[in-house]
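Reader: I have some questions about how the terms are applied here. Please set each value against its definition.

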Amino acid sequence: TNMACKQDMDKMTLQFAKIGSSQQQADRLLDIFKSLKGLNIGTNVDLYEHGLQTATRAFRDAADQETVVVALLHDIGELLSPICHGEVAAALLRPYISDQSHW
């Protein structure tokens, strides 16, 4: 019935609010980033270290905070889709970054 659907939606909305806060989503993105430790695609450093290096370079270059965050997380899609990992990262970050930083 329509009432059951509305009740289901209300219940899902409440549950999502419990698990989908901005802070929790940010924590999940950082967890994905941390999972890049030890993942090496044939370079001198793993993808975790690469992200740290990239973010550090942006920070030392006096980049704004958003650019530093984007630099840190730009390869988080590697585990999910190596071929189009940039698009994965861009999609995950899109709700939180400006049009200027979106790629």
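Reader: What makes the pair Asp99 and Arg94 a salt bridge?
Author: Their side chains meet at 2.4 Å, N to O. A salt bridge needs a side-chain nitrogen of Lys or Arg within 4 Å of a carboxyl oxygen of Asp or Glu. The pair therefore qualifies. This is a predicted model: local features need pLDDT of at least 70, side-chain atom pairs count only at pLDDT 80 or more, and totals for chains, interfaces and linings use all residues. Residues are numbered from 1 along each chain as its sequence is written, and side-chain values use heavy atoms, with hydrogens and water left out.

Reader: Why is Asp99 called exposed, and what is Arg94 called?
Author: Asp99 has 60% relative accessibility, so it counts as exposed. Arg94, at 32%, is partly exposed. The classes are buried (under 20% relative accessible area), exposed (over 50%) and partly exposed (in between), with a 1.4 Å probe and protein chains only.

Reader: How many salt bridges does this rule give?
Author: The count comes to two. Lys6 and Asp10 also meet in a salt bridge, at 2.9 Å, N to O.

Reader: How are Lys6 and Asp10 placed in helix α1?
Author: They are four residues apart in α1 (residues 2–19), so about one helical turn separates them. An α-helix has 3.6 residues a turn, so residues three or four places apart point the same way. Lys6 has a relative accessible area of 46% and is therefore partly exposed. Asp10, at 37%, is partly exposed. Helices here are DSSP runs (H or I, at least four residues), numbered from the N terminus.

Reader: Why does Asp75 have no salt bridge?
Author: The nearest side chain of opposite charge, Arg57, is 11 Å away. The limit is 4 Å, so no salt bridge is assigned to Asp75. In this charge count Lys and Arg are positive, Asp and Glu negative, and His and the chain ends are left out. Asp75 is buried, in the loop between α4 and α5.

Reader: What joins the side chains of Asp75 and His85?
Author: A polar contact of 2.9 Å joins them. The term means a pair of N or O atoms within 3.5 Å; within protein, one must be able to donate a hydrogen and the other to accept it, and residues adjacent in sequence count only if both atoms are side-chain atoms. Asp75 also touches Leu36, Leu47 and His50, not counting residues up to four places away in sequence. Contact means heavy atoms within 4.5 Å.

Reader: Is Ser101 buried or exposed?
Author: Ser101 has a relative accessible area of 15%, so it is buried. This residue is in the segment after α5. The side chain of Ser101 makes a polar contact of 2.5 Å with the side chain of Glu66.

Reader: Which residues of helix α5 are buried?
Author: In α5 (residues 85–93) they are Gly86, Val88, Ala89, Ala90 and Leu93. Their cover includes α2 (22–34) and α4 (65–73).

Reader: What is Leu92 called, buried or partly exposed?
Author: Leu92, at 31% relative accessibility, counts as partly exposed. Leu92 is in α5. With Leu79 and Leu80, Leu92 makes a nonpolar surface patch of about 270 Å².

Reader: What is noted about phi of Ala62?
Author: Phi of Ala62 is near 65°, a positive value in a residue other than glycine. Ala62 sits in the loop between α3 (47–60) and α4. At 68% relative accessible area, Ala62 is exposed.

Notes:
Helices (H or I, at least four residues) and strands (E, at least two) are DSSP runs, numbered from the N terminus. Patches are made of residues with over 30% relative accessible area and no salt bridge: like charges are joined within 9 Å, nonpolar side chains (Val, Leu, Ile, Met, Phe, Trp, Tyr) within 5 Å. Accessible areas come from the Shrake-Rupley method with a 1.4 Å probe; for residues, only the protein chains shown count as cover.
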